[in-house]
Amino acid sequence: MGCVRTASVFATAVFAALVGIGATPPAAASCASLLGLELQDTTITAVESFMGGTYTAPTGQMFTGLPAFCRVAAMLTPTPASDINIEVWMPFSAWNGKFLGLGTGSFGGFFFYDLLARYPRSTIP
C-alpha cells in the first residue's frame, strides 16, 4: 500500500506544479524545473517538454499527432528494496481533469508507450 501512496503523492505533486501552464516556452521552462522537484522516496530520472506532433518514446517507438505534454519519469523507493519506475504525461492544455493510471501487471518493468500515446489525444475536445 505504501508504493501506491507514494505514486499518488508523486503524481499529485507533478500535477500541482504544472497547474495553469500553457503550451508556450514558459510551460517548457516550468516542466524542466520539475527535474529539481524533491519528494520523499522519489528520484526524478527524466523531465521532457514535448511541444506536440510526432513523439519518439525512449524505446524508439514513434507516435504521431500527439498534443503538447510534460513527461516526468521517476523511481520510487518507499522501501530500501523498492525499484518502482513511473511516468507522468501531463498535457500543457486541454486537460480534462482526469487521471489515467496504467499498470503492467505481470509485465512489471515495461512501459507500454502505445497506451500512453493513445490517451492524450482523447483529452483534446
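1. Let's start with a pair of residues facing each other: Tyr55 has Phe63 in strand 3 as its bridge partner. Strand 2 (residues 53-56) and strand 3 (residues 62-66) pair in the antiparallel sense over three bridges. Two strands count as paired if DSSP finds at least two bridges between them. Helices (H or I, at least four residues) and strands (E, at least two) are DSSP runs, numbered from the N terminus. In this hairpin, five residues sit between the strands, and Gly60 takes a positive phi near 95 degrees.

2. A word on the source: this is a predicted model, where local features need pLDDT of at least 70, side-chain atom pairs count only at pLDDT 80 or more, and totals for chains, interfaces and linings use all residues. Residues are numbered from 1 along each chain as its sequence is written, and side-chain values use heavy atoms, with hydrogens and water left out.

3. Now have a look at the open sheet of three strands, which has the order 1-4-5 with antiparallel pairing. Strand 1 and strand 5 stand at the edges with a single partner strand each, so one side of each lacks a neighbour in the sheet. Strand 1 and strand 4 pair over eight bridges, and Thr43 stands opposite Met75 in strand 4.

4. Is Phe69 buried or exposed? Phe69, in strand 4 (residues 69-76), counts as buried because its relative accessibility is 1%. Buried means under 20% relative accessible area, exposed over 50%, and partly exposed in between (1.4 Å probe, protein chains only). Not counting residues up to four places away in sequence, Phe69 touches several residues, including Tyr55, Trp89 and Glu48 (contact means heavy atoms within 4.5 Å). Phe69 and Glu48 are 21 residues apart along the chain, and their C-alpha atoms are separated by 8.4 Å.

5. For contrast, find Gly36 in the loop between helix 2 (25-32) and strand 1 (42-50). Gly36 is exposed, because its relative accessible area is 54%. Gly36 and Val47 are 11 residues apart in sequence, and 9.7 Å apart in space from C-alpha to C-alpha.

6. Finally, Leu102 lies in the loop between strand 5 (84-91) and helix 3 (113-122). With 40% relative accessibility, Leu102 counts as partly exposed.
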